[in-house]
Amino acid sequence: MTSSRQETPGAPEWPDTLDVRALLGRGWRPTPFREFILKVHSRCNLSCDYCYMYEMADQSWRRQPRKMAKPTIDQVAMRIAEHARAKLLDRVDVTLHGGEPLLAGVDHLRYTVEAVLTACAPDVRVRFNVQTNGILLDPPVLELFREYGVQVGVSLDGDEEGHDRHRRWANGQGSFSAVRAGVERLRAAPYRHLFNGLLSTVDIQNDPVRTYEAMLEFEPPAINFLLPHGNWDTPPPARPPDDSTPYGDWLVAIFDRWYRSPEKATQVRLFEEIMMLLFGRPSTGEAVGLSPVAIVVVETNGEIEQVDTLKSAFEGATGTALHVSRDPFEAALLLPSIAARQIRGLALAEECQECRLHQVCGAGHYTHRYRSGRGFRNPTVYCHDLQRLITHIHAEVSRDLEALRG
């Protein structure tokens, strides 16, 4: 697949034009990395048609080794510990990712976890997470995760019909039954405490309330809804270039079902994040808000990269030219591409800075802002949808606060 990026000599895109030296001179200082995403395996056992790793602009996965080699794991572990100690961090998060990370196998996953723990001991605590499609959550893997307290997030898109529309095997068959079996094993008594929640990619063809209620059947501690990755060059499905709000309407329907329920059956992270931002609290994720992004990715071959969802924008969008064998993570913090995600409102387009919702919206997910020729200094392609969702949540919460005052 070819990149949609316009290679125009003499006209670099933002944030390539960002002057980090000037930022430092004005007193800005980078936020240390606190989450390290390790691409322990670069392939997947599913063939989901919306996957940003395999189906979109960047096809660099084809050049990656299948597994992160043990010497590379040792170098990553050393760099994580080095960064934490240099920045006086007493805890870091490490996410085992892919592809499908469980394809690496139990022994390789154990080696990875133990290498990081050994490098960080005794002064830096490590919290491990894994994001998986759930199919390979068998007893040996779950026992490993129980031994080390690895928190498990599973990707699942609602009921069988909605899930199987996109999340299929390479032969075209749906994966719902295999994913459901994996989640049920995770929910069993010995492992229930490891269940971190469900991640669902929004498909507005699916009924929103039915999607939400199907996920509730698994009793997840949390649900996160992810807007499909797209941008101004390659818009998301059914996202026309107008002021309609198809994704906002879809999410509002779930919000009302969740918020008006007599008992909160689960957390919905996107909704709770917006509510906290409306009360003036900082954001904790990438989807909304202006908090500095303190996440870095290490590819299977040891290359230090930006957050991997940027692969949906153009070939090479995540690249930094840094490698754990020779470069500390500190070097990545001073790159324009990473600094741009830590300078809050300075990274926003003018129209976003003037918007009354910008402190809450934060121009949405950085990945969704891309437009060739201008780079990432644009509103999100979901601008109208986020306005719809945020203003609706504000109205509902404000009404309840007024009732309490009354």
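Trainee: Does D93 count as buried or exposed?

Mentor: First, the ground rules. This is a predicted model, in which local features need pLDDT of at least 70 and side-chain atom pairs count only at pLDDT 80 or more, while totals for chains, interfaces and linings use all residues. Residues are numbered from 1 along each chain as its sequence is written, and side-chain values use heavy atoms, with hydrogens and water left out. Buried means under 20% relative accessible area, exposed over 50%, and partly exposed in between (1.4 Å probe, protein chains only). D93 has 13% relative accessibility, so D93 counts as buried. D93 belongs to strand β2 (residues 91-97); strands (E, at least two residues) and helices (H or I, at least four) are DSSP runs, numbered from the N terminus.

Trainee: Which side chain does the side chain of D93 contact?

Mentor: A polar contact is a pair of N or O atoms within 3.5 Å; within protein, one must be able to donate a hydrogen and the other to accept it, and residues adjacent in sequence count only if both atoms are side-chain atoms. For D93 the partner is the side chain of R127, at 2.9 Å. Another such contact, of 2.7 Å, joins the side chains of D249 and R388. D249 is in helix α8 (residues 246-259) and is partly exposed, at 35% relative accessibility.

Trainee: How many aromatic pairs does the structure hold?

Mentor: A pair of aromatic rings is described by the distance of the centres and the angle of the planes. Rings of Phe, Tyr and Trp (its six-membered ring) pair if their centres lie within 6.5 Å; planes under 30 degrees apart count as stacked, over 60 as edge-to-face and the rest as tilted. The structure holds 14 such pairs. In one of them, the centres of F314 and F376 are 6.4 Å apart and the planes lie at 40 degrees, so the pair is tilted. F314 and F376 are 62 residues apart, in the loop between β9 (303-305) and β10 (322-323) and the loop between α13 (358-361) and α14 (383-405), respectively. Y370 and F376 also form a tilted pair, at 5.0 Å and 50 degrees, and both residues are buried.

Trainee: What is the volume of the second largest pocket?

Mentor: Rolling a probe the size of a water molecule over the atoms shows where empty space is left. On a 1 Å grid over the protein atoms alone, a cavity is a set of points where a 1.4 Å probe fits but cannot get out, and a pocket is an open set with protein on both sides within 12 Å along at least five of seven lines; lining residues have an atom within 4 Å of a point. Grid points are joined across faces, edges and corners, and a volume is the space filled by probe spheres set on the points. The second largest pocket has about 300 Å³ and is lined by 19 residues, with Y50, H166, P228, P236 and P237 nearest its centre.
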